[in-house]
Amino acid sequence: MTQPIKFYDIPSTIPGKSWSVNLWKTRYSLNFKGLPFETVWVEYPDIASLSKEMGFLPTPRADSDNPYYSLPAIYDPNTSTPLSESALIAQYLDKAYPDTPKLFPPGSYALQYAFMDALDSKLDSLWPFSLPASNAILNPVSEEYFRRTREIYFGATLEEILPKGEAGVAEWVKVKAAFDAVNGWLELGKSDGPYLLGQEPGFADFVLAGHVIYLKKIWGVDSQQWKDISAWNGGRWAKLVQDFEKYEGSL
């Protein structure tokens with residue numbers, strides 16, 4: 001009998017606790033494959049010590065030579081495998097559990113990685129809006145760590161990062177333009193199905209949905225930001241999150 005995989009996630013103060021873009025990628029993946037797992041909640045200051053203890057490798061960063069430990073991570077007791085980084089976890093799950101639905105169907109690696117790389121670049125305009133909101137839903141011990149590390153990285157306070165007034169309006173237009181562009185990519189293949197690879201979702205679809213549910217979680221369903229996003233592109237983004245509700249379990 002398959003033992004539950006341990007999935008390491010970062011908690012928040014919102015219902016269900018899970019919120020982070022990268023963590024949703026793996027949560028969706030595990031549920032899509034129907035694999036039993038249990039969530040282990042880890043606050044930001046404890047990630048590095050946990051990673052060293054468990055054998056999770058640091059995440060490579062172009063802007064620093066110092067080891068940077070981050071989540072998601074899993075420990076699979078069925079194979080005694082510790083692993084971090086959402087895309088590597090997805091590839092591992094495909095290989096370790098070949099009889100489950102594929103996150104990377106044969107021939108899709110290059111397309112999915114290219115899509116994810118383009119998506120990351122396209123959605124850069126989000127972060128000045130979303131980082132302060134992310135900080136606001138963290139538990140105190142993680143809030144202090146998140147604020148301190150992000151303010152060092154940006155050289156400004158989170159309050160200074162957040163676009164305001166006319167500048168905020170102009171920057172929000174850029175966010176909508178980014179979603180419009182991604183919508184345009186998907187529309188090109190709409191005759192094949194609603195997802196990047198057609199009728200069935202792949203890992204890149206969960207990456208995209210991870211970004212969208214992250215915004216829904218940090219701002220809340222009654223926020224103007226989520227009302228805007230959920231109305232954009234014919235309601236595509238709200239529908240995407242709704243379609244993937246069945247993959248949100250084991251919180």
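Colleague: In which helix do K174 and E171 both lie?

Modeller: This is a predicted model, in which local features need pLDDT of at least 70 and side-chain atom pairs count only at pLDDT 80 or more, while totals for chains, interfaces and linings use all residues. Residues are numbered from 1 along each chain as its sequence is written, and side-chain values use heavy atoms, leaving out hydrogens and water. Helices are DSSP runs (H or I, at least four residues), numbered from the N terminus. K174 and E171 stand 3 residues apart, about one turn of the helix, and that helix is α8 (residues 165-187).

Colleague: Is K174 buried, partly exposed or exposed?

Modeller: Buried means under 20% relative accessible area and exposed over 50%, with partly exposed in between (1.4 Å probe, protein chains only). Because its relative accessibility is 46%, K174 counts as partly exposed.

Colleague: Which residues do salt bridges that share partners join into one network?

Modeller: A salt bridge is a side-chain nitrogen of Lys or Arg within 4 Å of a carboxyl oxygen of Asp or Glu. Where such bridges share partners, they join into one network E143, R147, E151 and E159.

Colleague: How many residues apart in sequence are the parts that R147 and E159 tie together?

Modeller: R147 forms a salt bridge with E159, and the closest N and O atoms are 2.9 Å apart. R147 belongs to helix α6 and E159 to helix α7 (residues 158-161), so the pair ties together parts whose separation in sequence is 12 residues.

Definitions and conventions: Helices (H or I, at least four residues) and strands (E, at least two) are DSSP runs, numbered from the N terminus.
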